[in-house]
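Dear colleague,

Please find below the structure for your review. My notes on its cavities and on one helix pair follow.

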Amino acid sequence: DIIGGTPPNPGEAAFTRVMHVRVTAEDGTWGVGHSHWGEYTHAIIEKHIAPLLVGRDCMAIEFLNDLMWRSFQRFGHGGVTGAAQAPVDIALWDLKGKLLGVPVYTLLGGPSRSELDCYVTTGNLDWAMELGFKRFKIGNFIQTTDGIAGINRLEESVAAARDKVGPNADLMLNVVMGYNVEYAIRVAERLKPYNLTWLEEPLMPWDHDGHARLKAAVPTVPIATGETHRGRHAFRELIDRRGVDIVQPDISWTGGICETQKIYALAESKGLQTLLHVGAGRPEGQHFSLAMPECTLAEFNLRTPVGVPLAEVNRIPGMPTPVEGKVRLSDAPGLGLEYRPE
């Protein structure tokens, strides 16, 4: 069953259309997964994935993912196909956990830690600090065409952020593909005094040569990227070229938990951490991050009104929210969600 994914309102980006998938076993037990781009992924799931999987063994998740992955090769595994595969995969993991009576993190090997340490992505450091977060990621507001004036403005903003959070707090800058290689090098050099924990997604995802050049030019500034990379092969090239220090796949975009396990293994084999995109803000990200030893931090996007506690605005029933910058998961089966059948 596909819930959501209807055409967006005029002027609303298709990305904002969250689409949920419910996978139901023959005994009536069901699991739920979600993704974005619902206007497009809905059709792929309904017309392509569902006929491929209905009637098969729901416990054979790796095999079902291999079927989906191979079936996409003629028209490409990536983009909306990865975003269509992901919610089906996530729902299958949720379903399997419910059928076996264990959390998804147990299916993934068991917890590597008792709770998740979170960093917060925010435009309001004061509110984030009031909520108890100790690690902070701020946004970028310049691009290559802004030249030296843009770099000057950005430095002022980063300097102010560093002054506010203090010298011992992790501070990251999220660029979102805004630079070319030369500009990224200039920015990284300028921001060295502020001791960034990492510079995130400075280049377009396909520019693996550029990532390698950037990393070689500024070796002391950690580079993190991956939310816009899709699938194991994109990450393999990025990792093999030594163009990244921290990989950041998004489970609900890159193909699901099974695909993210493969990306994690590639990164681990090269001594790199995997810190999921929005890992603390989605149930599958929480479970994956709790289970995997190299997932030492989890991202939480702070988009709630100032003064309103996080627990009061959580839109995913059953998913825990950070308290003092930490998330503690329950032992509820599957992903621990509390969606009602209706």
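The structure holds 3 cavities of 30 Å³ or more; a cavity is a set of points on a 1 Å grid over the protein atoms alone where a 1.4 Å probe fits but cannot get out, and lining residues have an atom within 4 Å of a point. Volumes are the space filled by probe spheres set on the points, which are joined across faces, edges and corners. This is a predicted model, in which local features need pLDDT of at least 70 and side-chain atom pairs pLDDT 80 or more, while totals for chains, interfaces and linings use all residues. Residues are numbered from 1 along each chain, and side-chain values use heavy atoms, without hydrogens and water.

The largest cavity has a volume of about 70 Å³. Its lining includes P283, H287, M319 and L335, and divides into 6 nonpolar, 5 polar and no charged residues (Ala, Val, Leu, Ile, Met, Phe, Trp, Tyr, Cys and Pro count as nonpolar, Asp, Glu, Lys and Arg as charged, the others, Gly among them, as polar).

For the second largest cavity, the volume is about 50 Å³. Among the residues lining this cavity are D250, H277, R282 and E284. By class, its lining has 4 nonpolar, 4 polar and 3 charged residues.

Turning to the helices (DSSP runs of H or I, at least four residues, numbered from the N terminus), the axes of α9 (residues 231-240) and α11 (residues 257-269) come within 9 Å and cross at roughly 15°. Axes are lines fitted to C-alpha atoms over the stretch in contact, with angles from 0 to 180 degrees between N-to-C directions. That angle makes α9 roughly parallel to α11 (under 35 degrees).

Yours sincerely

How values were computed: Helix = DSSP H or I, 4+ residues; strand = E, 2+ residues; numbered from the N terminus. Parallel < 35°, antiparallel > 145°, perpendicular 65-115°, else oblique. 1 Å grid on protein atoms, 1.4 Å probe; cavity = no way out; pocket = protein on both sides within 12 Å on 5 of 7 lines; lining within 4 Å.
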